[in-house]
Amino acid sequence: MPEQYVATDKRTGLEVAVTGEFPPHHDDRIRIARTCTLFTRLLATILSNTSESDRREQFVAIETQLEVAEALIRGDLAEVQRLLQQTMERMGLGPDELDEVARRILKEFGEDGPPDLGNIGDLRPDSPLPPLDDIDIDLPPDDGSGKGDDTPLDDRL
């Protein structure tokens, strides 16, 4: 039986539901809930923009970023390259302009590239995630199978 996560943005009332078969592992379920929550917040933020043209640009930017993320996760580097090239062209950066940018980077940083930023912000994959206070999310109830947990999301993080 399909399960469902519903995230609601408190500021706007926008709801996003994700329905499907979810993995039983607790951490996977937390990530599904957080991703749904973040997507809801993102959509609510874009939709709250009063400028139609800005809204359209923001949607195109997010669509492209999500497409790049999905291609990276699949390991399709040719698609990543195509999407990035398409984005650069949309920004008015053709091959000549990109070559000039590359020359400037090499001139500024040398063949070794920019300095290693290392632990910028000390972000690690196992770092706790900040609470998402402006989003309400409904999780499937815990039926004892490990596939659901009715503990509030922020309490589990």
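**Close-up views of a predicted protein chain**

Buried residues make up 25% of the 157 residues in the protein chain. The model is a predicted one, and the legends below treat the chain as a whole before turning to individual sites.

**Figure 1. Overall organisation of the protein chain.** The secondary structure consists of five helices and three strands. Read from the N terminus, these elements follow the order β-β-α-α-α-α-β-α. The accessible surface of the chain amounts to about 11,200 Å². Carbon and sulfur atoms account for 55% of that surface.

Figure 2. Met1 is placed in the segment before E1. Is this residue buried or exposed? Met1 counts as exposed because its relative accessibility is 86%. The C-alpha atom of Met1 is separated by 7.4 Å from that of Glu21, although the two residues are 20 residues apart along the chain.

**Figure 3. The aromatic pair of Tyr5 and Phe22.** The structure holds one aromatic pair. It is formed by Tyr5 and Phe22, whose ring arrangement is tilted, with 4.7 Å centre to centre and 35° between the planes. The pair links distant parts of the chain, its members being 17 residues apart. Tyr5 belongs to strand E1 (residues 3-9), whereas Phe22 is found in the loop between strand E2 (15-20) and H1. Both Tyr5 and Phe22 are buried.

**Figure 4. The salt bridge between Arg11 and Asp9.** A search of the whole structure finds eight salt bridges. In one of them, the side chains of Arg11 and Asp9 meet at 3.2 Å, N to O.

**Figure 5. Helix H2 and the residues it buries.** Helix H2 (residues 52-74) has 23 residues. From its first C-alpha to its last, H2 reaches 33 Å, close to the 33 Å expected at 1.5 Å a residue. Which residues of H2 are buried? They are Ile62, Thr64, Val68 and Ala71. These buried residues pack against two other helices, H1 (26-47) and H3 (77-90). Following H2 is Gly75, which has a positive phi, near 80°.

**Figure 6. Thr64 and its contacts.** Thr64 lies in helix H2. Its relative accessibility is 8%, so Thr64 counts as buried. Which residues does Thr64 contact when its neighbours within four places in sequence are left aside? Thr64 is then in contact with Leu83, Thr87 and Arg90.

**Figure 7. The salt bridge between Glu52 and Arg56.** Glu52 forms a salt bridge with Arg56, and their closest N and O atoms are 2.7 Å apart. The two residues are separated by about one helical turn because they are four residues apart in helix H2. Arg56 has a relative accessible area of 51% and is therefore exposed. Glu52 counts as partly exposed because its relative accessibility is 45%.

**Figure 8. The salt-bridge network of Glu70, Arg74 and Asp76.** Glu70, Arg74 and Asp76 are linked in a network of salt bridges. Within this group, the side chains of Arg74 and Asp76 meet in a salt bridge at 3.2 Å, N to O. Arg74 has 48% relative accessibility, so this residue counts as partly exposed. Asp76 likewise counts as partly exposed, because its relative accessibility is 25%.

**Figure 9. The nonpolar surface patch on Val101, Ile105 and Phe109.** Which residues form a nonpolar patch on the surface? The patch consists of Val101, Ile105 and Phe109. Together they have about 240 Å² of accessible area. Val101 is placed in helix H4 (residues 95-109). The relative accessibility of Val101 is 40%, and this residue therefore counts as partly exposed.

How values were computed
Residues numbered from 1 in each chain as written. Predicted model: local features only at pLDDT ≥ 70, side-chain atom pairs only at ≥ 80, totals over all residues. Heavy atoms only, no water. Patch = residues over 30% accessible without salt bridge, like charges linked within 9 Å, V, L, I, M, F, W, Y side chains within 5 Å. Areas by Shrake-Rupley, 256 points an atom, 1.4 Å probe, with all protein chains shown as cover. Salt bridge = Lys/Arg side-chain N within 4 Å of Asp/Glu carboxyl O. Buried < 20%, exposed > 50% of the residue type's maximum accessible area, 1.4 Å probe, protein only. Expected span 1.5 Å × (residues − 1). Contact = heavy atoms within 4.5 Å. Phe/Tyr/Trp six-rings, centres within 6.5 Å; stacked < 30°, edge-to-face > 60°.
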